[in-house]
Every structure is written in structure tokens, then in C-alpha cells.
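Subject: Structure handover and notes

Hello,

Here is the structure I said I would pass on. My notes follow it.

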Amino acid sequence: MFFRSIRFRLTSWYALTLAAVLAASSLFWYIALSRNLEKHIDERLLDVAKVVERSHLKEHRDLSLPQACNDLDKYILDHNWAGYAQVRNSLGNIICNINSVEGKPLPLGKSALLKITKMLHHFETVRNLDSYPLRLLSYPIVHDGRLERIIQIAESYEQAEHTLSDLKIVFLMLSPFAFIALTGCGWFLANRALTPIVNITETARKITAEKLDARLPVHEPQDELANLSNTINSMLARLEDSFNRIKQFSGDASHELRTPLAILKGETEVSLRWAKTEEELKQTLESNLEEINLMGRILEDLLELAKSEAGELHLDFEEFSLSDLLQDIYIHAKTLAEPRQHLIKLRLQVDSEIHIWGDQIQLYRMFLNIINNSIKYTQPEGTIEITLSVDDETAIVSVKDSGVGISKEHLANIYDRFYRVDAARNRQDGGTGLGLSIVKAIVDAHGGRIDVDSVVEKGTTFTISLPLKRETLKKS
Ligand SMILES: Nc1ncnc2c1ncn2[C@@H]1O[C@H](COP(=O)(O)OP(=O)(O)OP(=O)(O)O)[C@@H](O)[C@H]1O
Ligand SMILES: [Mg+2]
């Protein structure tokens, strides 16, 4: 686990890169310094050669040979230059040498000779003459286009080698320290950067279905990890909301089913024990059937709502006449309202037949639910008015009743499942509190909206707006 951790891998990559960079930079500086040292030696050798050429050998061209070498020797002494020098004649024979390396002459190799014959100077590194390599310059002295002398000047690499080996020691000693220190820093930084992830992981581990209210810590500054925490937190909030709704839903569902079940059980037990006549048994069965029907309705409605929440509400979209649908509903509503002797009105405030794109059966069910409520929650001999109008691209249907109304504090909840303003009153009417939830689900599935306006003891108006494509508006 440790070796697979991001911290370890991050630090390892960092250490590897660091080692490569350290090695490359050390090599670079070593080569650069050695080149530089070589360049300096070469420049010095060339300077000496030029001065010797100019001020001595040329003047002593005709003088006796030892004199020429004496002057070269004097020059070297005057300039405190710790090098080797040698003069050869144009045939390559040694005329004299100063500070020779243990009596050995400075060599004149093939490549040097080739350059000299072209009247060019030549630098080379001679390795087998001394314990340290020598940098050797072979320099032609030319007079009137003729090669007269070859000066060979050499300087030991000893000093340069010392400098380079010092540098090597510094690199070799410091690099491991630098590597260890920087890798430690890398480990520390990786730790620091990953601490928020550790905290997130620990908090996330504690989050269970029962403890969905926990939230991940959001670190400052608002970086990528803070963004991640915020995103996960909002996901948790949505999950918590869904979980709570599911809990509420199953609690409500079992509660609602328990009442008719208890009634069923009670009545059946009583009649088993006490019913003597066929008539009494029939009465119990009739009452039981009512409860069974109610349970069936609750289950059907719940199933419908569950489907709509899961986005599985099956809708058969087609173009149909909303005006005709409302006419049918109007006729149906009149029949339903008969026992309570309500006055049902239908006002089509449009000068053409309105066609919309939707599921006719579901919309019929939706309007009937609202009208049913109006019938239920309006005192006998009340008025229920259904109005159709069109505003821009929207068909607006309102259902206005002169009923008991809904007080403000209840208005916000009426679309909640099983919500009933007055539970006692509605149980008597057979209401389960699911009607408006289904209404809202159907309106939402049609891309519409539902609004409610209500005054207690005056009445309630539900307004349903459904999107209407202009081309579906047909002239009658
Ligand atoms: N037109 C209305 N006038 C007064 N109160 C209303 C009206 N429509 C709805 N309500 C109130 O809103 C509550 C929720 O209505 P909803 O239709 O969801 O449930 P229900 O009618 O009680 O039961 P169901 O429709 O499932 O048989 C009702 O219980 C009622 O108190
Ligand atoms: Mg209802």
C-alpha cells in the first residue's frame, strides 16, 4: 500500500528527476569548467608564443642559436611562467629546450607537423610525457613566407586537474546531501499537498446512509481540492435530500396503508366473532371492499409517483384539442358535482380551438384531480369555474372554486405527498393527499407549471400553464 501511495510515487518521481538534474548539471559544470580551463591555458600558450615570436626569436634570427634560447629562457623567467618550451628549426630538429620534462623533448606529432607545413599553429594534449597531461602548442615562425622556426610551448594540466578534481569532490560530497535534503523537502511537500485528500478520505469513510449530513472539509485556498470537496458536498446534499425523501415516502406510505389495514383487520375480526346474519357479514365485506379499494388507489398513486420521479412516467404524446378535453371534463365534473349541487361553469376565452402536444389521458386525469378537489373542498351549492385562455405560447387553464380555501402556511406544502390540510376532514372524504403530487408530476412532465392562489373561506384558484406551439393552434 505504501509503495503504491501517491505520496511515495510522487516523491520517487521527484527524487529521480532531481538525481537526473543534479547529475546533468554537475556534468555540465564540470565540462564547462574543464573547457574554460583548457581555453585559458591555450590563450596563455598562444600569448607566450606570439610574444616570443615578436620580441625575441625574430630579432635573433641571425644570431647564434644559444643566444636565441637564452632570450626565451629569460622571457620565461621574467614572466614567472611555469611552462616548458622548445625551439626547433624548419627541419624539425631541436635547437634548444627550456624546462624540459625530465629531459624528454616535447613531441612533434603528425597532425602538428601537417598544420605547421600549412603555416598554422596546433594545440594538442600530450598524456604520456608526465604524470599529468600537458597542453602543447606547436607554433610556426614564418618569415617572408618561409618557415624558419617551430616554437613548442607546453603547460602542465596539473593546476587545472587539481581544480577539476576539487570540483569533482565538491560535487560528490554535496550532491548526496543536496539529494537527500531536497528529496526530504519533496516528501514534506507531497505530504502537505495530500493532507486535504487524507482528510477528505477520512470524512468520506464516516459517511453512511444514516449519517449523510456529514460534509467534507473545504480547504483554503479555493484550489482544485477545494473544488472537489465542494462538488462532493453538493452531491452529498442531493443524496441526503433523496434519502430523506425516500425515508419520508416509505414512512408515509406505511402509515397510510396501516390505517385501512387496521380497519380491515378489526372489522373482519369483529364480524367473525359477532356477525350472526348474512346481512351483517355482507355489510362487513362491503366496508372491507371500500378499504381495499382505498389501499389499491394509494398503491397505484404511489407507483405512478415513483415512476414519475424515476423519469419512467409513460406519456403518449400526441396533438389533441385541449378545448375538447375541457368540454369532456366539464361534462364529467357536472356529474361528479351533482350530489353537492355545485354550479360548474366552462369559459373558453379563445376564438379558436386550442391544440396542444401532450398525453391526453394523463392531462385528463390531472384536470379531474384538481376539479375533484374543488368539488370536495367546496360547501354544497358552490361554484366551480373552468377557464381556458392563451397567452403568447402558453395555454392557461384555471380552475376556480368558492370553497374553503387553503391558508398561507399550508399552500407551500400541498404538492407534498400525503399532505392534507385537515387530515381528519379528508379521511372522511377518502383523500390520501397524493392527488396534487400526481398533478404536479404530470404538469412537470409536460414542461408546464402550476400556481395556486387561495383565500380562506373565499375559494381557491389553480392555474395550469402548458406550453403551446404556435403551429398547433388551429383555426376552428
Ligand atoms: N380546491 C381546494 N380547496 C381547498 N383545499 C384544497 C383544494 N385542493 C386541495 N386542497 C387541500 O390540499 C390538500 C392536498 O390535496 P390532494 O389533492 O393532494 O389530496 P387529497 O385531495 O386530500 O387526497 P387525494 O386527492 O389523494 O384523494 C387537500 O387535502 C386539501 O386540504
Ligand atoms: Mg385531491
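Which residue's side chain meets that of Glu240 in a salt bridge? The partner is Arg215, with 2.7 Å from N to O. This is a predicted model, and the notes below should be read with that in mind. Glu240 sits in helix H5, whereas Arg215 belongs to the loop between helix H4 (158-206) and H5, so the bridge ties together parts that are 25 residues apart in sequence. Arg215 is partly exposed, its relative accessible area being 29%.

Other salt bridges

The count of salt bridges comes to 12. One of them pairs Asp301 with Arg365, where the closest N and O atoms are 3.7 Å apart. Because Asp301 is in helix H6 and Arg365 in helix H8, this pair ties together parts that are 64 residues apart in sequence. Asp301 counts as buried, at 10% relative accessibility. Arg365, by contrast, is partly exposed, with a relative accessible area of 26%. Another bridge joins Arg449 to Asp451, with 2.6 Å between the closest N and O atoms. Asp451 is partly exposed, at a relative accessible area of 28%. There is also a network: Glu38, Asp42 and Arg135 are joined by salt bridges that share partners.

Domains and cores

The domain assignment divides the chain into domain 1 (6-162), domain 2 (224-309) and domain 3 (318-472). Between the C-alpha centres of domain 1 and domain 2 there are 104 Å.

The largest nonpolar core has 50 residues, and those touching the most other members are Leu322, Ile356, Met366 and Phe367. Among the elements that give two or more residues to this core are helix H5 (224-274), helix H6 (278-309), helix H7 (322-337) and helix H8 (360-376), together with strand E9 (383-391), strand E10 (394-401), helix H11 (435-445) and strand E12 (459-467). Domain 2 (224-309) and domain 3 (318-472) each supply at least three residues to this core. Leaving aside residues up to four places away in sequence, Phe367 touches Leu322, Leu325, Leu326, Ile329, Val397, Ile464 and Leu466. A second, separate core is made of 22 residues, including Ala49, Leu72, Ala85 and Tyr157.

How many of the 11 residues of H11 are buried? The number is 8, so H11 is largely enclosed by the rest of the structure. The buried residues in H11 are Gly435, Leu436, Ser437, Ile438, Val439, Ala441, Ile442 and Val443. Buried residues of H11 pack against H6, H8, strand E11 (449-455) and E12.

On the H6 side, Leu305 is a residue to look at. Leu305 counts as buried, with 4% relative accessibility. Not counting residues up to four places away in sequence, Leu305 touches Arg417, Leu434, Ser437, Ile438 and Ala441. Leu305 and Ala209 are 96 residues apart along the chain, and their C-alpha atoms are separated by 23 Å.

Backbone and surface

Most residues other than glycine have a negative phi. Two residues to check against this are Met119 and Gln341. Met119 is not a glycine, yet has a positive phi of about 65°. The residue is found in the loop between helix H3 (110-117) and strand E3 (122-126), and Met119 counts as partly exposed at 36% relative accessibility. Gln341 has a positive phi near 55° and is found in the loop between H7 and strand E7 (343-348). Is Gln341 buried or exposed? Gln341 is exposed, with a relative accessible area of 52%.

Last, the surface. Which residues form a nonpolar patch with about 340 Å² of accessible area together? They are Phe2, Phe3 and Trp187. Phe2 is found in the segment before helix H1 (6-57) and is partly exposed, its relative accessible area being 46%.

Regards

Definitions and conventions
Residues numbered from 1 in each chain as written. Chains lettered and ligands numbered in written order. Predicted model: local features only at pLDDT ≥ 70, side-chain atom pairs only at ≥ 80, totals over all residues. Heavy atoms only, no water. Patch = residues over 30% accessible without salt bridge, like charges linked within 9 Å, V, L, I, M, F, W, Y side chains within 5 Å. Areas by Shrake-Rupley, 256 points an atom, 1.4 Å probe, with all protein chains shown as cover. Salt bridge = Lys/Arg side-chain N within 4 Å of Asp/Glu carboxyl O. Helix = DSSP H or I, 4+ residues; strand = E, 2+ residues; numbered from the N terminus. Buried < 20%, exposed > 50% of the residue type's maximum accessible area, 1.4 Å probe, protein only. Core = buried A, V, L, I, M, F, W, Y, C linked by side-chain atoms within 4.5 Å. Domains from an automatic or database assignment. Contact = heavy atoms within 4.5 Å.
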